[in-house]
Amino acid sequence: MNEVDPKACPITANHIKVALVGQPNVGKSMLINSISNAHLHVGNFSGVTVDKTEVLFDYEEYSFTVIDLPGTYAFTDYTIEERVTHDYLCAEDYDIIINVVDSTNLEKNLQLTSELLTMSKKVVIALNMSDEALKEKITINAKYMSELIGVPCVQVSAVTKEGIGELIEAVIKKHENVRNKPKLFFSEPVEEEIAQIVWYLDKHKFESANTHRNIAINLLKNNKKTYATLHDEPIWTELQPILIEASQHIELHHDSDDIKEAFAEEYAAFNRGIVAEVVKQGMKSVKRTTTEKIDSVLIHPVAGIPIFLFFMWSLFQLTFEVGAIPMEYIDSFFIWFGETLGATISNDDIRSLIVDGIIAGVGAVLLFVPNIIILFIGIALLESTGYMSRVAFLLDGFFHKFGLHGQSFIPLVTGFGCSIPAYMSARILKNDRDRLLTLFIIGFMSCGARLPVYVLFAGAFFSPEMAGNILFLIYISGALLGLAAAKLLKLTAFKGLDEPFVMEMPKYRLPSVKLICHTVLTKTMMYLKKAGTYIAAASMLIWFLSNYPHNLVLEESYASMISKTDKEDVKSKLKYELDEALLEASYLGRIGKFSEPLFAPLGFDWKMSVALQTGLAAKEVVVSTLGVLYSLGGDVDEGSSSLMGAISKNISLASAIAFIVVIMIYLPCLAASVVFTREAGHIKYFFYLFAFTSITAYVMAFFAYNIALFFT
Amino acid sequence: MKTLLDCNKTCVVKVIKLNTKGDLKQRLISFGIMKEAVLEVLEHAPGKSTIEIKVGKMRIALRAQEAELIEVQKI
Ligand SMILES: Nc1nc2c(ncn2[C@@H]2O[C@H](COP(=O)(O)OP(=O)(O)O)[C@@H](O)[C@H]2O)c(=O)[nH]1
Ligand SMILES: [Mg+2]
């Protein structure tokens, strides 16, 4: 990507601002990526891109700004993401539209195209997925199509990068030329009505940027914005009766009382005509497509859900089993690294800051990179194969019982990776109530950052064979808890009618290794970056808070006790006591001690209480806090110096379970909370969320603790 | 009156009328579900709560409540 600040973008004669418009899942984002080396998120389902993104790049002597807009099926404001696109196209300033269409399903895609053609903007059509069309033996005569609709059409493939050069050339050429005159024709009765309005506008020499023909069409289509602009014109009084009569004629002709429906039929007829002219389907395809064959297994009414659960289970099994292999090496590396580096530093405080603070904190977080990578691969596969929409389909009935929308599944699954994009992708839900409900539930889907905590505790208390199942159990129970919470909220706070569920099921696609690697790499780099900056800083802070103030009285009294004895074991015992006492006297220890009574009913000691509080900043910090606290504290005796060992030694199983329950339920992190507040639209929702999750977490952990105590 | 919900798997039907208004109607139309369109029922989710249909080349999932609003005729 070109690293230019969008605001500093030079508006010169050679600058072309392109709006990329198309239906969902036609490859808009991927097309930008292949034109410009940008790294936009690509996935095989509707609703990947939910906000507009600008990408800048240079081509020969031109500089381009391309705006990737959320996909939209038609020119409506059905969902928030569609509103983003609609508003952009109507209100913003841009030079040209690239309308991306799916060559393998031209007729449906042209539905949007024909609406774009009445905008009086320069348009170039990118017939994307031409590689897939070739495989399906679909040929499109792009040249003939350009002539028929009066707009340049270029065959491209975002995957093979075929035709990308031609597309840019076509855009430049169109940009230099005068506005095109799209040839969009309607049935005779409609054309007559249009002609009459055009004649009227011509007669009054009505001035506007749009052509009179387009104004007429938009008026007949009941386009609100066109109405609004004409409403204040003097000609309106005379125009209105003509319009009403014209609309009646058209409705009569279409035997419908809905002018929009009538126009949709007009467009459909026009599109059918175009498709009949330019598309050739070689040898009528076999009875069932590959997608349908796969679907007959994966969304089978009986087998579908068990298959899905099996996939999930396998993912967590893999996460633990494969993730555990490099873990030992990483762990011993950081211990070695800490010791080696520590030996070279003479100042006690600095050594402790580096070894017990930064290395212990960051090392504890980096330990889980392998697990995170596997989880990300799983999510990337789910997103890019097309399976995501199938699961939404399978679970819709189930979700619906809990008051959630089937499409909520998409933000919820995204939530297993990270809550922030999940909050964003809730925009695909049309209804504000459904959206808010989903926003409240997303936190229950344990995000990638919580995985380290789970792996740490599952590994500390269970054998490797069981740990994978425990992970699966944690995730599933988190999700089920989320559903129960949804039901509760639906019955109380978010009462109301259900939103309709109409969702496209994309065809299955074999994701390219490159795409998967790319997605996973981007996310992993983000995790690493976070560990190197945010988590390292937090670890330093925690180290500071747990080392200061120095309690000299304590140190001296122990020092004299230690010097009085010469027995080695008593000495080390006293040292251990001193370390613990110092830690408890530190700022962090005081906070922990202060809040300990609050968490005592859940069986947490003050270190765990502190870790939960620092975890409000980010869940990785829970692990790094524990890492710092246990490496500073009394864990000096023989045996494992690893965090996992320290945990299994110092924490009871019941407390550990309660701890996991709290982690599962309470607020994801600071950054996610900010995004939540923005997406929910009001700060009050954040306080609701905070109260709701904290109380639920506390109550559930209390029960979990006591039940576990009873059994152990 | 027969609706899409009454159709069994692999049933091929033609849309007669959309018994709905406003946003949902627009949505259905933008998915190509409009008068005269030919639909094929592909699959029912457990409990027939959600159905998968095919319109042209596109597969669409609808909930039973929505399917009930689509009046169809066997062809
Ligand atoms: N075979 C093929 N697949 C493509 C092409 N362009 C995009 N895709 C796939 O189509 C899906 C949707 O792509 P995306 O860029 O997210 O679509 P958007 O929603 O329009 O931005 C992804 O699975 C892509 O891998 C193409 O030219 N050929
Ligand atoms: Mg996109």
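Biologist: Before we start, how are residues, chains and ligands numbered or lettered, and which pLDDT limits apply?
Modeller: Residues are numbered from 1 along each chain as its sequence is written, while chains are lettered from A and ligands numbered from 1 in the order in which they are written. Side-chain values use heavy atoms, with hydrogens and water left out, and in this predicted model totals for chains, interfaces and linings use all residues, side-chain atom pairs count only at pLDDT 80 or more, and local features need pLDDT of at least 70.

Biologist: Thanks! How many helices and strands does chain A have?
Modeller: Both kinds of element are DSSP runs numbered from the N terminus: helices are H or I with at least four residues, strands are E with at least two. Along its principal axes, the C-alpha trace of chain A spans about 110 × 55 × 55 Å. The count for chain A is 31 helices and 9 strands.

Biologist: What share of the residues of chain A count as buried?
Modeller: Buried means under 20% relative accessible area, exposed over 50%, and partly exposed in between, with a 1.4 Å probe and protein chains only. Chain A has 712 residues, and the share of them that count as buried is 57%.

Biologist: Among contacts in chain A between residues at least 6 apart in sequence, what share join residues at least 24 apart?
Modeller: A contact here means heavy atoms within 4.5 Å. With that cut-off, the share in chain A is 75%.

Biologist: Let's look where the chains meet. Which residue has a side chain joined to that of R27(B) by a polar contact?
Modeller: R27(B) sits in helix α1 of chain B, residues 22–30, and is buried because its relative accessible area is 7%. Leaving out residues up to four places away in sequence, R27(B) touches Y73(A), Y78(A) and E82(A). A polar contact is a pair of N or O atoms within 3.5 Å; within protein, one must be able to donate a hydrogen and the other to accept it, and residues adjacent in sequence count only if both atoms are side-chain atoms. At 2.8 Å, the partner of R27(B) is E82(A).

Biologist: How far apart are the end C-alpha atoms of helix α2 of chain A?
Modeller: Among the buried residues of α2(A) are E82(A), H86(A) and Y88(A). The expected span of a helix is 1.5 Å times one less than its number of residues. The 12 residues of α2 (residues 80–91) of chain A should therefore span 16 Å, and the end C-alpha atoms agree at 16 Å.

Biologist: Which residue of chain A meets K25(B) in a salt bridge?
Modeller: A salt bridge is a side-chain nitrogen of Lys or Arg within 4 Å of a carboxyl oxygen of Asp or Glu, and the structure holds 24 of them over all chains. The N to O distance is 3.0 Å, and the partner is E261(A).

Biologist: Is K530(A) buried or partly exposed?
Modeller: E620(A) counts as buried at 2% relative accessibility. For K530(A) the relative accessible area is 27%, so K530(A) is partly exposed.

Biologist: Which proline is joined to Y548(A) by a cis peptide bond?
Modeller: The proline lies in the loop between α22 (513–547) and α23 (552–564) of chain A. Omega is about -5°, and the residue is P549(A).

Biologist: What is the phi of M129(A)?
Modeller: M129(A) is placed in the loop between β5 (122–128) and α4 (130–135) of chain A. M129(A) counts as buried because its relative accessibility is 11%. Although M129(A) is not a glycine, its phi is positive, about 65°.

Biologist: And in which loop is N25(A) found?
Modeller: N25(A) is not a glycine, yet has a positive phi of about 60°. N25(A) is found in chain A, in the loop between β1 (15–22) and α1 (28–36).
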